[in-house]
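Here is my note on the model below. Please read each point against the coordinates.

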Amino acid sequence: MPLSEHEQRMLEQMERALYAEDPKFASALEGSGLRTYTRRRVYLAVAGFLVGIGLLMGGMIAQQPWISVVGFLVMLGCAVLAVAGWRRAAKPGAATGHSQPGAAGRGRGGQPRRKMMDRIEERWQRRRDEQGR
């Protein structure tokens, strides 16, 4: 869920206050820590997927279907983690929260997505109000 404009401004104010108070700590946090953490998580999920393949094959060879089922479940869980982590990871050249306001939220025709979300929220609120009466 994207942050509202008010929340983005509050976050930027907190970041500026952190830089003013302790620039060394802020610069240590700024790096690619989240990206590195997410990448590491994806790599572990891939390794787990390979372990799941090994369990699946080992269960087939040993003629123990429960081992194969466990291997399949491990593969499935690791695949879900890898895909979720891959989508969440910020690309090196991608826009972050420090970019120009509205630049990351542009739709097809150059219209900000926020306007569309505002319209959807207004419609939702109207429906809730009408149902409540």
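1. Terms for the fold. Helices (H or I, at least four residues) and strands (E, at least two) are DSSP runs, numbered from the N terminus. Read this way, the chain runs α-α-α-α-α along its sequence. That comes to five helices and zero strands.

2. Basis. This is a predicted model, in which local features need pLDDT of at least 70, side-chain atom pairs count only at pLDDT 80 or more, and totals for chains, interfaces and linings use all residues. Residues are numbered from 1 along each chain as its sequence is written, and side-chain values use heavy atoms, with hydrogens and water left out.

3. Burial and surface. The chain has 133 residues, of which 10% count as buried. Buried means under 20% relative accessible area, exposed means over 50%, and partly exposed lies in between (1.4 Å probe, protein chains only). The chain exposes about 11300 Å², and carbon and sulfur atoms supply 62% of that area. Accessible areas come from the Shrake-Rupley method with a 1.4 Å probe; for residues, only the protein chains shown count as cover.

4. Contacts. A contact means heavy atoms within 4.5 Å. Take the contacts between residues at least 6 apart in sequence: 39% of them join residues at least 24 apart.

5. The salt bridge. How many salt bridges does the structure hold? The count is one. The term needs a side-chain nitrogen of Lys or Arg within 4 Å of a carboxyl oxygen of Asp or Glu. Side chains of opposite charge can pair when their charged atoms come close. Here the partners are Glu12 and Arg16, at 4.0 Å, N to O. Both sit in helix H1 (residues 5-21); they are four residues apart, so about one helical turn separates them. Glu12 is partly exposed at 32% relative accessible area. Arg16 is exposed at 54%.

6. The nonpolar patch. Val46, Leu50, Ile53, Met57, Met60 and Ile61 make a nonpolar surface patch of about 610 Å². Patches take residues with over 30% relative accessible area and no salt bridge; like charges are joined within 9 Å, and nonpolar side chains (Val, Leu, Ile, Met, Phe, Trp, Tyr) within 5 Å. Met60, one of the patch residues, lies in helix H3 (residues 33-61). Met60 is exposed, with a relative accessible area of 54%.

7. The positive patch. Lys115, Arg119, Arg123, Arg126 and Arg127 form a positive surface patch. Lys and Arg count as positive and Asp and Glu as negative; His and the chain ends are not counted. Each charge is placed at NZ of Lys, CZ of Arg, CG of Asp or CD of Glu. Arg119 belongs to helix H5 (residues 113-132). Arg119 is partly exposed, at 46% relative accessibility.

8. Which residue has a positive phi although it is not a glycine? Gln63 does, at about 55°. Gln63 is placed in the loop between H3 and helix H4 (65-88). With 67% relative accessibility, Gln63 counts as exposed. Please check this backbone.

9. Leu55. Leu55 is found in helix H3. Leaving aside residues up to four places away in sequence, Leu55 touches Ile67, Ser68, Val70, Gly71 and Val74. Leu55 and Phe72 are 17 residues apart in sequence, with 7.8 Å between their C-alpha atoms. Leu55 is partly exposed, at 30% relative accessible area.

10. Ala84. Ala84 lies in helix H4. Its C-alpha is 9.5 Å from that of Thr38, a residue 46 places away along the chain. Ala84 is partly exposed, with a relative accessible area of 29%.
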